[in-house]
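Where do charged side chains pair up in a folded chain, and what do those pairs connect? Let us trace them one by one.

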Amino acid sequence: KTREVYFVLAFAFVSQMGLGFSGSFLGRYVVELGYGQGLVGVLSAVSALSEVPILLFAAPIVRRWGEIRLLMASCFFMVVRIALIGIGLVPTMVIGQLMQSVTYMTVYYSCTRYVAENVLPDRQSQGQSVLVMVQSGLAMLVANMAGGLIGDTLGMQMSFFISAGLVLMGTLVVVAAYRAHLSRCR
């Protein structure tokens with residue numbers, strides 16, 4: 001129904017690149033830091049549990065802030081999350097994993113809701129499929145390939161900081177493009 005959907009997909013891509021990188025390389029990084037698999041399990045549990053409040057209150061949060069604002073904020077939070085994990089201290093990694101709620105669940109809910117409300121009625125399944133292809137396909141492919149290459153070349157800690165920088169740059173580009181789009185529409 002609107003061209004704004006391209007920005008929703010772009011924010012989803014940027015956010016999922018960060019999430020995909022973090023999810024794929026957190027275990028390797030934790031072990032490289034000298035911690036055990038037990039910490040990886042604890043960090044994963046913290047991440048999963050942090051989603052519960054957003055799941056309970058997602059609808060009122062989206063009604064109050066709107067999908068696009070939440071997507072923008074989630075992308076900026078993703079930068080902070082990846083950088084906190086990159087610091088490599090258990091407390092900062094726990095805080096980073098607690099941010100799963102505002103870096104993944106807000107994106108997931110906002111995107112699926114946006115597509116459900118703004119895609120033509122006979123194109124609902126296609127709209128959701130495109131979203132999944134962008135998030136689970138393209139973004140994960142880029143995150144895993146680039147993350148592995150950067151990690152092998154510069155080390156895992158540096159790859160977390162580079163990933164945070166790339167997510168920040170991607171977010172700023174999409175925000176600037178979205179603002180330009182809004183200016184043209186006025």
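What follows is a walk through the salt bridges of this predicted model.

A search of the whole structure turns up 4 salt bridges. Start with Asp152 and Arg28. Their closest N and O atoms sit 3.0 Å apart. This pair links distant parts of the chain. Asp152 belongs to helix 6 (residues 124-154), while Arg28 belongs to helix 1 (residues 4-32). The two are 124 residues apart.

How accessible are the two partners? Asp152 is exposed, with a relative accessible area of 60%. Arg28 is partly exposed, at 31% relative accessibility.

Now turn to Arg113. A salt bridge joins Arg113 to Glu67, with 3.4 Å between the closest N and O atoms. Arg113 lies in helix 5 (residues 100-118) and Glu67 in helix 3 (residues 67-87), so this contact ties together parts 46 residues apart in sequence. Is Glu67 buried or exposed? Glu67 counts as buried, because its relative accessibility is 13% and the cut-off for buried is under 20%.

Arg113 also meets Glu117 in a salt bridge, at 3.2 Å from N to O. Here both residues lie in helix 5. They are 4 residues apart, about one turn of the helix. Glu117 counts as partly exposed, with 43% relative accessibility.

Notes. Residues numbered from 1 in each chain as written. Predicted model: local features only at pLDDT ≥ 70, side-chain atom pairs only at ≥ 80, totals over all residues. Heavy atoms only, no water. Salt bridge = Lys/Arg side-chain N within 4 Å of Asp/Glu carboxyl O. Buried < 20%, exposed > 50% of the residue type's maximum accessible area, 1.4 Å probe, protein only.
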